[in-house]
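Thanks for coming. I have one structure to go through today, so let me put it on the screen.

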Amino acid sequence: MYDLVIVESPAKAKTIGKYLGSGYKIEATMGHLRDLPKGGLGVDVDAGFAVDYQPIEGKESTISALRKAAKGSRTVYLATDPDREGEAISWHLKELLNLDDERARRVTFNEITKTVVQKSIANPRDIDYKLVDAQQARRVLDRLVGYKISPVLWNRIKRGLSAGRVQSVAARLVVDRENEIRAFNPEEYWSIEIDVERASGGGAFTAAYFAPDGEKKAVLPNEASVKAVLGDLDRSQFSVKSVGHSEKRRSPHPPFTTSTLQQEASRKLGFSPKRANAIAQALYENGHITYMRTDSLRLSDDAIAAAREFIPARYGNEYLPKIKNVFKGKAASQDAHEAIRPTDVYHTPEELKSTLSPEQYRLYKIIWERFVSCQMANAVYDTLTIDVSAADGSKTHIFRANHTTVLFPGFTAVYVEGKDEADEEGAAKLPDLKENEPLTRKKTEPLQHFTKPPPRFSEASLIKAMEENGIGRPSTYAPTLSTIQDREYVLKEDNRLRPTPLGEVVTGLMLEQFGDIVDVEFTARMERLLDEIGEGNKPWKEMLAEFNTGLENALEKAASVTERIRVPDEESDVVCNLCGKKMVIKAGRFGRFLACPGYPDCKNTKPIAEEMPGACPKCGGKILKKKTRNGYAFYGCSTYPGCDFATWDVPQKENCESCGQTLFKNGGRGQKKTFCINPECPNFLPEDQRSYKKKTEDEKTAAKKTTASKTTKKKPAAKKK
């Protein structure tokens, strides 16, 4: 006899099997085994929200194997992921395997290490039905919204569209931001910069206009206000009014949560939230990090103690604060699991690099660095401020220059957080000046500016907005962003998200007919209600009944409106080479493409080509990203067929230092080095050294013969009716 441990992933099963030994059999579910049916609602609202769960198609052999393994075991440990969804999967397993409460024991692993796995197995518990109810409520809510509202979109706009309780609100955030940008009215303002130096010569620096002496920071709204100041400056004597130093301390960033990890992976590594999730899942299953779906900033005492032992040994005693750093989470945080951290701080990225894929190494590196840095001392900075006085006897204007110097790097020696918007270039170092020292003005430059609209969301900033507004939970951020892009409600251009005309039309209809569903506060309140169900404070079917009443009322009103809404065509800059009209962007089975608006008189279509950085190495023209008939991306000259340049390698913004031509990188995932493809350049890298094998002439000939033999095979005769 043996004890059976059921986990979700085979990778996790392999790791756990090493820790438990021969008395245990480890099996994996490979994800969900039971769910609502695909072909119908699966929820009987009139029967008190009775749910019709069915085995998922294609999982029959897995279920059969688990039943067989459970039959021959003493105890079945349900070790699915430690969250609501994992709790529900354990309950579904108990039902599918016909296990009684005595045999079905629930265990969870926040980290997959020998100590935690053995301790969890030694201390099992019952299934938490409050968490199961919360997950059931979420699943039914999403099914009600999707199945009942989506047909309204089909009738009013077009078939194949979908609505979602969280996805529709996320799409609305993107649409609202786009409307803000369109409605934005830029406001004029000015600045004045002066270049000054010591009257005796040397010590030049630049200072910016601050305000008349004795006043707070002034705004120069127009050119007239600038001219008034410039008139005063022509009569002024310049000198150093004051030299001041101030010390500032900067605290380390907290360890990662699901949201902040996805944001940072997007900013620093260029990973989509979906990709970051998948890589983090693999790191967790192989025992390298703690559970990656969490909104908590809490760290275990053992992990903090290990970090405080590691930091002085590696970086020096001065980098260790006197007391441990503790971070408080938000009030709405569930705090079910620790923050994301390495399972062992002594497993440095360099030590694990050979065992990880390039992507896993890069993600593990920022997780490890963020954790170590969060327990390090503050960074200390000295800010030097020089105020320059411009006095003409009756009026004095103040110009100010700042420069910051790092006195002690502290945690920044290990980790610095990425940013959504690039910082302006830092100020130049300032000379050593004394108060009342006379200065000479060398140059004055008035500059006109205009306020800018808010930027479009990046994937990182949209996740941040969702978290701040209580939309969704850690497990929903990545799939939500994937869904709104897959449905083509939102497009990513230059790493920014913009709504498509379809996304704007769908969001407009949702606002008109189902305002509550896309209301940010309403959605956040629903998340809080799900938390209450998980805590046992509210019956899940009672909550569903309240929601469904409002939904049915909205559906009844929506049914009275049958007028179809046309999605406007998105005009491009590409001119139809047959009739001269500007082509429009349309969506088809295989994605977006360019079509002539003169259809059916003109049936011209073209694939959409994305403009890439750099210039064509043959003719200097633009480089476009294109796709083959099989969907593979390649890069070619925009002047084709005039220029036949084409390559699989990705053009970069950087140019070669030797020849000045555009540098390239290999396509595909992982970190790659840039190279020059100019054969006449000393930095030229031959094709056979670019991380992929170039086919020999014999291999090319063999491939052509194989293709030819496939196309010459006779088709079977058609059967008669």
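Predicted model: local features only at pLDDT ≥ 70, side-chain atom pairs only at ≥ 80, totals over all residues.

Thr80 sits in the loop between β7 (73-78) and α3.

What does the side chain of Thr80 make a polar contact with? The partner is the side chain of Ser90, at 2.5 Å. A polar atom of the Thr80 side chain also lies 2.5 Å from the backbone oxygen of Gly86. Leaving out residues up to four places away in sequence, Thr80 touches Ile6, Glu8, Gly86, Glu87, Ile89, Ser90, Leu93, Arg106 and Val107. For a sense of distance, take Pro613: Thr80 and Pro613 are 533 residues apart in sequence, and their C-alpha atoms are 46 Å apart in space.

Next, helix α3 itself, residues 84-96. A simple check on a helix is its length. At 1.5 Å a residue, the 13 residues of α3 should span 18 Å, and the end C-alpha atoms are 18 Å apart, which agrees. Is α3 enclosed or open? Eleven of its 13 residues are buried, so α3 is largely enclosed by the rest of the structure. Among the buried ones are Gly86 and Ser90, the two residues whose atoms lie 2.5 Å from the side chain of Thr80. The buried residues of α3 also include charged ones by name, such as Arg84, Glu87 and Lys94.

After α3 comes Asn98, in the loop between α3 and β8 (104-106). The phi of Asn98 is near 55°, which is a positive value in a residue other than glycine. Asn98 is exposed, with a relative accessible area of 68%. There is another asparagine to look at, Asn436, with phi near 70°, again positive. Asn436 is in the loop between β13 (396-408) and β14 (438-450), and it is exposed, with a relative accessible area of 61%.

While we are on backbone geometry, look at the peptide bond from Tyr599 to Pro600. It is cis, with omega near 10°. Pro600 is in the loop between β19 (591-595) and β20 (605-607).

Now a charged residue. Arg370 lies in helix α12, residues 358-374. Is Arg370 buried or exposed? Its relative accessible area is 2%, under the 20% cut-off, so Arg370 counts as buried. Its side chain reaches the backbone oxygen of Pro254 at 2.6 Å. Apart from residues up to four places away in sequence, Arg370 touches His253, Pro254, Pro255, Phe256, Thr260, Glu264, Tyr415 and Glu417.

Ala306 is partly exposed, with a relative accessible area of 25%. Not counting residues up to four places away in sequence, Ala306 touches Val345 and Tyr346. Ala306 and Val372 are 66 residues apart in sequence, and 9.8 Å apart from C-alpha to C-alpha.

Next, a pair of helices. The axes of α5 (residues 129-156) and α16 (residues 520-534) come within 7 Å and cross at roughly 150°. How are the two helices oriented to each other? An angle over 145 degrees counts as roughly antiparallel, and α5 and α16 are therefore roughly antiparallel. On the α5 side, the residues in the contact are Lys130, Leu131, Asp133, Ala134, Ala137, Arg138 and Leu141. On the α16 side, they are Met526, Glu527, Leu530, Ile533 and Gly534. The residues of this contact divide into seven nonpolar, one polar and four charged.

Last, the chain as a whole. It has 18 helices and 26 strands. Along its principal axes, the C-alpha trace spans about 95 × 75 × 65 Å. Of the 721 residues in the chain, 45% are buried. Among contacts between residues at least 6 apart in sequence, 67% join residues at least 24 apart.

How values were computed:
Residues numbered from 1 in each chain as written. Heavy atoms only, no water. Axes fitted to C-alpha atoms, helices over the stretch in contact; angles between N-to-C directions. Helix = DSSP H or I, 4+ residues; strand = E, 2+ residues; numbered from the N terminus. Parallel < 35°, antiparallel > 145°, perpendicular 65-115°, else oblique. Contact = heavy atoms within 4.5 Å. Buried < 20%, exposed > 50% of the residue type's maximum accessible area, 1.4 Å probe, protein only. Polar contact = N/O pair within 3.5 Å; in protein donor to acceptor, adjacent residues only side chain to side chain. Expected span 1.5 Å × (residues − 1).
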